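Work through the exercises below with the model open. Each task is followed by a stepwise solution.

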2 protein chains.
Amino acid sequence: MKEKINDYIESNKDRFLDELFGLLRIPSISARSEHKEDMYKACEYLKKSLLDSGADNAEVMKTEGHPVVYGEKIIDPSKPTVMVYGHYDVQPVEPLDLWKSPPFEPEIRDGKIWGRGADDDKGQMFMHVKAFEFLVKENLLPCNVKFMLEGEEEIGSPNLGKFCKNNLDKLKCDVILVSDTSMIGQDAPSITTGLRGLSYMEVEVTGPNRDLHSGLYGGAVANPVNMLAKMIASLTDENNRITIPGFYDDVMEVSSEERKEMAKAPFDLERYKNEIDIEEAVGEEGFTTMERTGIRPSLDVNGIWGGYTGEGAKTVLPSKAYAKISMRLVPHQKSEKIDELFIKHFESIAPPGVRVKARKLHGGEGYVSPTDQTAYKAASKAYEDTFGKKPIPFRSGGSIPIISLFEEILGVKSILMGFGLDSDAIHSPNENYPLWNFFKGIETIPLFYKYYGESS
Amino acid sequence: MKEKINDYIESNKDRFLDELFGLLRIPSISARSEHKEDMYKACEYLKKSLLDSGADNAEVMKTEGHPVVYGEKIIDPSKPTVMVYGHYDVQPVEPLDLWKSPPFEPEIRDGKIWGRGADDDKGQMFMHVKAFEFLVKENLLPCNVKFMLEGEEEIGSPNLGKFCKNNLDKLKCDVILVSDTSMIGQDAPSITTGLRGLSYMEVEVTGPNRDLHSGLYGGAVANPVNMLAKMIASLTDENNRITIPGFYDDVMEVSSEERKEMAKAPFDLERYKNEIDIEEAVGEEGFTTMERTGIRPSLDVNGIWGGYTGEGAKTVLPSKAYAKISMRLVPHQKSEKIDELFIKHFESIAPPGVRVKARKLHGGEGYVSPTDQTAYKAASKAYEDTFGKKPIPFRSGGSIPIISLFEEILGVKSILMGFGLDSDAIHSPNENYPLWNFFKGIETIPLFYKYYGESS
């Protein structure tokens, strides 16, 4: 089968890229309301792709937010069903001036596809559409396939839970297949077996009712930016532990046995530091870099703004300051509980002279996927065939909140066959996806179907 | 003379406002390079105003930055000379959406002139031009008058010192008259006898070399926004004292005698808090609100930015964070020394994992003007005539860095006859200037000339 796949890829690769580029050109930024129309464009594009690739039917299904593209091919209702999950929405693109080529004008340079969504998740999702096309065209599909491609992953999938509940029959399946994560390296394939949860907040600090002259008032009126800085500073202590009361109560402590096992994964701290140009990796005292993102929660300011931020000097004592603050959570922390702890704590530490508001922007639960399930084993074998080595089960620091919801609502586990690399700069300027990884994904995925079909 | 002035104002008030509005319509924002042409427009406008008002000659004089408008009327070289200083440049206008009417389309509502520069300093400066017109037209000028109107006050007058040095003869005078400050209230006239100095910095904190995914890296990489918050938080202690080593070394401690004297100035803390809608006035332990802005230094973040600040949620661990941080200084703190102390300290407290840069944006020295000089007494009498009560000598928290430079370079004291009010919202959206104050200024200024001419 491997040879057939490679022949198919070889004779269709330019068309595959053309089709992907068409999708990458649509600026489907879910966080920005001005892109509402683009979300529909991306849906129609994917619907056509699914039909052209061999789906029996495909449709654009409305939600209260951005729509979902659903497609299916049922070869035999008595056979198992794989559902592919992906998302066609992308992250915002600011700061625009750091992009070497425009984010929505994809191009190939240095063996990589450059553009917003090249990896996350248009590029990775599209590998599944093309792997599916190969299986259909070559009559090799061993089971039923469904596609559920959503448009709100980057804003926390606020409507997909409800969508799943309303379409339980339609979405019935035996396993969910997702490519929306990274592997350790091109020479170190890995399957993500853990994800962190997320609690994402926006906070607002108000001082005086208008911007004041910092000379006339400075020293006598609490400055909301200074106060916000003090509040943020107090959220972590000198050991880089989060100070919110109760924050660690539910954290699953990983045994030293397990930690030893995890430490076997290849990780080069010097390369890690060099790649992002930092002199020191900084995190919670007592844990390694891999552990800090894999099994420990974190707190980051994702954005901050207030006062005068233009060219030159303006002597203003601002009326307001804002920050976006998010926490990554580990099993068994519950996102909603953390939301509440954060809001209560943050409002309680408001210094005199300012008013503080905190509200949740989005969130979701963490996830752990066992390595002894049939689908995991099928995926592992597929990687072994195409990479020549067994993939490493890996706990990622990222979050795909919907994955734990799938388990809760649909009762189905997900297999996270991510083909991305850390250097793909997802969520950053100059997002990219190596051609090697794109085609390696299309090569590996059909083998998953083969082994999964054989064993189930 | 008072009657004559009031008659003159009465018969010319509409024209005075028309002429001022023409100046207010020019968006002469000195901090923004795109307004370079507008600076010249404002100059030409003022040059014509001075000539129309009776100046013997007027010219636009180049500097390395924005030009200076100079004008003069020499009635008798043996008589004393008053030099009026003012500035035609204005502060930036963001946030634009908070303005009730566009900043550069001045209008009158509720007895006030609304627009950027209505008070600071176009409105106040223009009172002098019209008071001068009255004195010339009515043949009442008792001394020589010079005007020096600059275009870089809001960015720290970087070129005016050099301009003064290069034009020592031309600028020879006996006293400098400035209206660029506030008085305590319409019923509490005051003359500013002290100003704070300024040291204005921009800082940059760099973490990783690109924005990272906060899930994949969060917890293992120092976040520049969190680190900047910690650094800013550490700049002041729990008593709201500034922690920069050596910062208070040169602060002139004011005797308890003097503090008692100052405390006699009318000040209503409840009204102060209500007007800017704060529950508590917060500042250095052990000092009153008036003292905190009058005789004590302060530190304020004027602006902060970093990461994602748009709509919705973006899970980014930013590469960079920035802040504009300024300190108000009191006699005898030296701006340059404080610049150095700040930069050295701020760079020294950089936490592990980030790089920190600090640079000076602008600055200047504080100023104290004695109340026993001839010109102060003349100003005091003028206020007494028009307000019916003696003005209070008052130390303002603001800075006009050039005032101390005038003393250093030209060897001349300045009299700060400010007619603004704290509610004029200078540097803020909805800057305004009550018509009452505008005309009261035009009424009071000629009386200064009268008394000054009589006594010198």
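**Exercise 1: Domains of chain A**

Task: Into which domains is chain A divided, and how far apart do the C-alpha centres of domain 1 and domain 2 of chain A lie?

Solution.
- Step 1. In this predicted model, chain A is divided into domain 1 (2-195 + 366-455) and domain 2 (197-251 + 297-363).
- Step 2. Take the C-alpha centres of domain 1 of chain A and domain 2 of chain A: they lie 35 Å apart.

**Exercise 2: Contacts between the domains**

Task: How many residues of domain 1 of chain A are in contact with domain 2 of chain A?

Solution.
- Step 1. Count pairs whose C-beta atoms, placed from the backbone, lie within 7 Å.
- Step 2. Eight residues of domain 1 of chain A contact eight residues of domain 2 of chain A.
- Step 3. Sort the domain 1 side by class: four nonpolar, four polar and no charged residues.

**Exercise 3: Chain B against chain A**

Task: Which element of chain B gives the most to the side that touches chain A?

Solution.
- Step 1. Start with the contact count: 82 residues of chain B meet 83 residues of chain A.
- Step 2. List elements of chain B that each supply at least two residues to this side; among them are α6 (224-233), β11 (298-307), β13 (320-329) and β14 (355-364).
- Step 3. Pick the top contributor: β11(B), with nine residues.
- Step 4. Classify the chain B side: 31 nonpolar, 33 polar and 18 charged residues.

**Exercise 4: Strand pairing across the chains**

Task: In what sense do β11 of chain A and β11(B) pair, parallel or antiparallel?

Solution.
- Step 1. Locate β11 of chain A at residues 298-307.
- Step 2. Follow its bridges to β11(B): there are five, and the sense is antiparallel.
- Step 3. Check one bridge: Gly303(A) has Gly307(B) as its partner in β11(B).

Note on methods. Residues numbered from 1 in each chain as written. Chains lettered and ligands numbered in written order. Predicted model: local features only at pLDDT ≥ 70, side-chain atom pairs only at ≥ 80, totals over all residues. Contact = placed C-beta atoms within 7 Å. Helix = DSSP H or I, 4+ residues; strand = E, 2+ residues; numbered from the N terminus. Nonpolar A, V, L, I, M, F, W, Y, C, P; charged D, E, K, R; others polar. Pairing = 2+ DSSP bridges. Domains from an automatic or database assignment.
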